[in-house]
Amino acid sequence: AKQDADELVGETLERMFATKVSLLQGKLHFTGTTREMHEKVSKDFGVQTRYSRSICSARLLPGCELSAPLCGRTVQQDMRVSMSAAARVCRSLDGADIFA
């Protein structure tokens, strides 16, 4: 998510999880934040411009469960997915690194 001019990084994360990836809200442990900066000529104004972005790293909390639709499936098809398949997915994501 793009950080608004008046936002802190933490506020941007809160907004992003509330609006774009709510299924992960409360299921991550943030492990760090790095900041990247680079300069290049702006496409719109033709002047040297400094661009920066914050990269937050997180891990999925152990034992958490995600309830998310499968890509390319209808709700009816999603409901037919076995609980054992869902459990395998959660186990495979347990402790995985998540980058936002």
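**Core, pocket and one buried serine**

The largest nonpolar core has 9 residues: Leu 13, Met 16, Phe 17, Leu 24, Leu 28, Cys 56, Ala 58, Leu 60 and Cys 64. Here a nonpolar core is a set of buried Ala, Val, Leu, Ile, Met, Phe, Trp, Tyr and Cys residues joined through side-chain atoms within 4.5 Å, with buried meaning under 20% relative accessible area (1.4 Å probe, protein chains only). Two or more residues of this core come from each of α1 and β2; helices (H or I, at least four residues) and strands (E, at least two) are DSSP runs, numbered from the N terminus.

This is a predicted model: local features need pLDDT of at least 70, side-chain atom pairs count only at pLDDT 80 or more, and totals for chains, interfaces and linings use all residues. Residues are numbered from 1 along each chain as its sequence is written, and side-chain values use heavy atoms, with hydrogens and water left out.

**Second largest pocket**
- Of the 14 residues lining the second largest pocket, Ala 1, Lys 2, Gln 3, Arg 53 and Ser 54 lie nearest its centre; a pocket is an open set of points on a 1 Å grid over the protein atoms alone, where a 1.4 Å probe fits, with protein on both sides within 12 Å along at least five of seven lines, and lining residues have an atom within 4 Å of a point.

**Ser 42**
- Ser 42 sits in the loop between β1 (28–41) and β2 (48–60).
- Ser 42 is buried, at 10% relative accessible area.
- Beyond its neighbours within four places in sequence, Ser 42 touches Val 47, Thr 49 and Tyr 51 (contact means heavy atoms within 4.5 Å).

Terms used
Buried means under 20% relative accessible area, exposed over 50%, partly exposed in between (1.4 Å probe, protein chains only).
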